[in-house]
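Dear colleague,

I am passing on a structure that you have not worked with before.

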Amino acid sequence: MTAATAEESERIASMLIEARLAACVQILPSIKSVYRWKGELVRENEVLLLAKTIREKFDKLEQAVRAIHSYETPEIVALPVAAVSDPYLEWLRGEM
């Protein structure tokens with residue numbers, strides 16, 4: 001997902017960890033997004049968040065992020081994982 005500012009990304013990451021909706025959130029501090037919004041071409045600096053969670057938590061994660069996000073339509077995307085190491089998966093599930 002993306003956030004408008006570093007402060008917002010920290011707020012989202014902390015909320016997800018405290019609520020046990022993610023085991024880890026990585027914050028990439030500066031990306032440039034180019035997209036069309038309401039018919040206009042937009043170029044924005046954003047912050048990228050990668051939240052590590054499990055499929056069963058996605059709906060609650062999405063609801064929680066939408067509740068505090070500044071965007072009208074926040075980008076909240078789940079990607080399939082082709083493989084994951086057993087120790088990491090065990091740790092991740094233990095934190096959920």
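Does W91 count as buried, exposed or partly exposed? At 37% relative accessibility, W91 counts as partly exposed, because that value falls between the 20% and 50% cut-offs. Please keep in mind throughout that this is a predicted model.

The next topic is the packing of two helices. Helix α1 (residues 6-18) and helix α2 (residues 58-68) pack at an angle of about 145°, and their axes are 11 Å apart. The crossing in which α1 passes α2 is right-handed. On the α1 side the contact is made by E8, R11, I12, M15 and L16, while α2 contributes L61, A64, V65 and I68. Sorted by class, this contact has seven nonpolar and two charged residues, and no polar ones.

Helix α2 can also be looked at by its two faces. F58, L61, A64 and V65 are buried in α2, and since they cover an arc of only 130° around the axis, they lie on the same side of the helix. What covers these buried residues includes α1 and the strand β3 (40-52). The face of α2 that is turned away from the buried side carries D59, K60, Q63 and A67, which are exposed.

Most residues other than glycine have a negative phi. R20, although it is not a glycine, has a positive phi of about 60°; R20 sits in the loop between α1 and β2 (24-37), and at 40% relative accessibility it counts as partly exposed. K38, which is likewise a residue other than glycine, has a positive phi near 50°. K38 is found in the loop between β2 and β3, and at 62% relative accessibility K38 counts as exposed.

Notes: Residues numbered from 1 in each chain as written. Predicted model: local features only at pLDDT ≥ 70, side-chain atom pairs only at ≥ 80, totals over all residues. Heavy atoms only, no water. Axes fitted to C-alpha atoms, helices over the stretch in contact; angles between N-to-C directions. Helix = DSSP H or I, 4+ residues; strand = E, 2+ residues; numbered from the N terminus. Left-handed = near helix turned anticlockwise from the far one by under 90°. Contact = heavy atoms within 4.5 Å. Nonpolar A, V, L, I, M, F, W, Y, C, P; charged D, E, K, R; others polar. Buried < 20%, exposed > 50% of the residue type's maximum accessible area, 1.4 Å probe, protein only. Arc of directions from axis to C-beta.
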